[in-house]
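User: Hello! I am new to protein structures, and I would like to learn how to read one step by step. Could you guide me?

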Amino acid sequence: MTDLETFASETRSWLEENCPPEMRKPSKGDDELCWGGRKFEFQSDAQKQWLEVMAERGWTVPDWPAEYGGGGLSRKEAKVLKREMARLGCRAPLSSFGIWMLGPALLQFGSEEQKRRFLPEIARGEIRWCQGYSEPGSGSDLVSLQTFGEDKGDHYLVNGSKIWTSYADKADWIFCLVRTNKEDKYRGISFMLYDMESEGVSTKPIQLISGASPFCETFFDDVKVPKEYEGGVSSVVGEVNRGWDVAKYLLGHEREMISGMGGDGGTASLGAGFKHVMESESVLRGQMALFDVDSLAFRSHAERFMDEWKSGKAHPAYSNLMKYQGTELNKRRFELVMAMGGSDALEWESEASKGGSKARSWLRTKGNSIEGGTSEVMLNVVAKRILEMPGG
Amino acid sequence: MAMTLNDDQAMLQDSAREFMKSEAPVKHFREFRDKECKDGFSHGLWKQFAEMGFTGILIPEDDGGLGLGHIEAGIVLEEIGRNLSPSPFLTTSVAAVEALKSADKAMRQKWFPGILAGDSVIGLAIDEGSKHRPANIACKAERSGNGFKLSGKKQFVVQGASSDMLIVAARTAGSTGETEGLTLFAVDKESAGLNIDPVRLVDSAVAAHIELDGVEVTADAVIGEVDEGWSVLAKVLDAGRVGAAAEMVGVGGGAMDMTFDYLKQRKQFGKVIGEFQALQHRAAHLFGEMELARSVVLKAQNFLDDGDERGELYSAAAKAKAGLACNLAVREGLQMHGGIGMTDEYDIGLYMKRDRALNEFFGDAFFHADRVATMNGY
């Protein structure tokens, strides 16, 4: 057996032994995920136990270095772990913006002190982060953001507001884009970390068309952000006024993450669950078949993209294409889910419809091609940076 | 299994790219189209393919070939597609080789050397109607003495009139529509009762209508087992489908690159037209579709090479997606070229014709999407 095969078989038996049966069923959406953080209430003992055993091995963040609470796995080992977890149907032990976004940014741009201060507690699920990017006047044109942090010597005095801050009302800390120089559009933004319990921070949930409120408006009214926290930990990631580099890197990472939803040679089909409907709906069956073709293509595509990305062969702007394709495909998926469901899928509150889960999910997907950069912005970037089309 | 090319594959890609560009570019295709050649391809080029080692890519090492896989064959096919290089590579070196791998030693020894040397051409006589329905085979093979007697009609036999041997799918039992009861036969071109009627297609390839009028073959002509032909045919078809899909990645890619170059040169309203966002978004979307096709084709090739059972599903998805993406590439390509795209002098129209033919070959996108649905249980 090769080392990797040994790792795979050991991993499999460890998972079989340690993953509670309740954690081997797919979660039914964001509400059932384990988000961690100071305010988080575990929904079951199994959820808590699963987080603890995985965090102990660093497997909440398998490919982060072990010294920062990660598993220290190689790319191939991490892939094996993912595959073995999928085989058993194991849920992710922890989902968080700290894992997906801040962590990668700190690994890339953070100081040693920042990494040691923040990464282990992200890995253990002890802190929940939210992201402060968009503002009411700065959506697709993010770089025009106005939230301002005035230099007051030992601290910044932050004023302004953010919108579409995911779960800001449930988060402990925020990573926030704050303008620190009004003269320079691109080189006048800093990537700042601060506590959501700081005086002057307030949040207001936004109700979406799906009825859910995963996003907030977040207001900063004379918030004092120290330049340095205890132990010489800077509150700014990377250089002051160079936060746009961090933000761009993270947006790329976010797009990569969204696009990584493909899986490895999977054959799961959306249509398989709707056989009875399609027997009498040949046109719908045809649409579903074409969707399944695209879905298989996208799975392959995501896998190829990850392999190329990690071996340094992918174009740096390629994640924009993946984001466009992944989100558009997901919207198409839910249009078909609704069509298959017929009037059953219209029910908004009934028990049979699980509280309108199909309709709510369908509506939620409409935001996929808006958040994190609209499809149109993605196409602009692909055209200009990958295809090198002319013009400003 | 990695979804990137390894060093050897990248080297093969470089040499295939260089070779097609210098020896068989679109200009070469035009010459053959315009000189009323009966084959539609150059036998000299086929010999050169052999010298490059291309013809033996899928032939096992024990039979004198390179023993490589569908990824490598696909690398060559993509360059064939990109340059519209006319050759019997897909039918002979991919599909027919896949069939012969299931043949007995005598038949392998009879045909593999000729394929390796670039001397032999082999045609596939499967389709009987205008749409690819490989189970709908009425062509009959009746026991006769020590062998069989074949009767029936075939069409869309690409390079049929140029072939030294035809692989004929015929029914030894059961009835039309059933996958059981089929048998594959190697039929020599000189056989009595074999009538071959060549027809030129829209893409200037020469296919044939074939009539088998009591063609006598010996028992040695059977490839695989009598009545069990489907198990071999299914592999031949998957190889052909993934091969055709790889060629379409090349055809669509060639059309797309040509179109993007044009967008960067053509000026209207005082601007290079590639500056217009209306065109940029369509270009970016097209690029994405071609990339999806490339990925699913590579995945299918990987599965076929590994003998993974998912190869069948992914082959269908690959042929469907490559067909749809390549078709988008030639349609967008022609439209974005404007009036000049309608002229015979300009190459984009040639890509459109090739796409049409390749989309039909081994089943179109709708046929394969339907198969995906069926395999997925609905």
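Predicted model: local features only at pLDDT ≥ 70, side-chain atom pairs only at ≥ 80, totals over all residues.

User: Which domains does the domain assignment give for chain A?

Analyst: Domain bounds come from an automatic or database domain assignment. For chain A they are domain 1 (3-95), domain 2 (129-241) and domain 3 (263-386). Taken over C-alpha atoms, the centres of domain 1 of chain A and domain 3 of chain A are separated by 25 Å.

User: And which domains does the assignment give for chain B?

Analyst: Chain B has domain 1 (7-120), domain 2 (124-228) and domain 3 (230-375). Between domain 2 of chain B and domain 3 of chain B, the C-alpha centres lie 30 Å apart. Their contact takes 14 residues from domain 2 of chain B and 12 residues from domain 3 of chain B; two residues are in contact if their C-beta atoms, placed from the backbone, lie within 7 Å. On the domain 2 side, the residues divide into eight nonpolar, three polar and three charged. In this scheme Ala, Val, Leu, Ile, Met, Phe, Trp, Tyr, Cys and Pro count as nonpolar, Asp, Glu, Lys and Arg as charged, and the others, Gly among them, as polar.

User: How do I read a helix, and what span should helix α9 of chain B have?

Analyst: Helices (H or I, at least four residues) and strands (E, at least two) are DSSP runs, numbered from the N terminus. The expected span of a helix is 1.5 Å times one less than its number of residues. Helix α9 (residues 311-337) of chain B has 27 residues, so it should span 39 Å, and its end C-alpha atoms are 37 Å apart, which agrees. Of those 27 residues, 24 are buried. A residue is buried if 20 or more other C-beta atoms lie within 10 Å of its own, exposed if 12 or fewer, and partly exposed in between, with C-beta atoms placed from the backbone. After α9(B) comes B:Gly338, with a positive phi near 65 degrees.

User: Which residues of α3(A) are buried?

Analyst: They are A:Lys79, A:Val80, A:Leu81, A:Glu84 and A:Met85. What covers them includes α1 (3-18) of chain A. Helix α3 (residues 75-88) of chain A has 14 residues, so it should span 20 Å, and its end C-alpha atoms are 20 Å apart, which agrees. Just after α3(A), A:Gly89 has a positive phi of about 75 degrees.

User: How many residues does each chain give to the contact?

Analyst: Chain B gives 36 residues and chain A gives 38 residues. On the side of chain B, the elements giving two or more residues are α7 (229-263), α8 (277-306), α9 and α11 of chain B. The largest share of that side, 14 residues, comes from α8(B).

User: At what angle do helix α8 of chain A and helix α11 of chain B pack?

Analyst: Axes are lines fitted to C-alpha atoms, for helices over the stretch in contact, and angles run from 0 to 180 degrees between N-to-C directions. Helix α8 (residues 282-310) of chain A and helix α11 (residues 365-375) of chain B pack at about 90 degrees, with axes 8 Å apart. That makes α8(A) roughly perpendicular to α11(B). Angles under 35 degrees count as roughly parallel, over 145 as roughly antiparallel, 65 to 115 as roughly perpendicular and the rest as oblique. Among the residues that meet are A:Arg285 and A:Met288 in α8(A), and B:Ala369 and B:Asp370 in α11(B).

User: What is the phi of B:Phe156?

Analyst: Most residues other than glycine have a negative phi. B:Phe156 has a positive value, near 55 degrees, and is found in the loop between β3 (147-154) and β4 (165-171) of chain B. B:Phe156 counts as buried because it has 24 C-beta neighbours inside 10 Å. B:Gln159, in the loop between β3 and β4 of chain B, has a positive phi of about 55 degrees although it is not a glycine.

User: Where is B:Asp238 found, and which residues does B:Asp238 touch?

Analyst: B:Asp238 is found in helix α7 of chain B. Not counting residues up to four places away in sequence, B:Asp238 touches B:Leu304, B:Gly311, B:Glu312 and B:Ser315. B:Asp238 is buried, with 24 other C-beta atoms within 10 Å.

How values were computed:
Residues numbered from 1 in each chain as written. Chains lettered and ligands numbered in written order.
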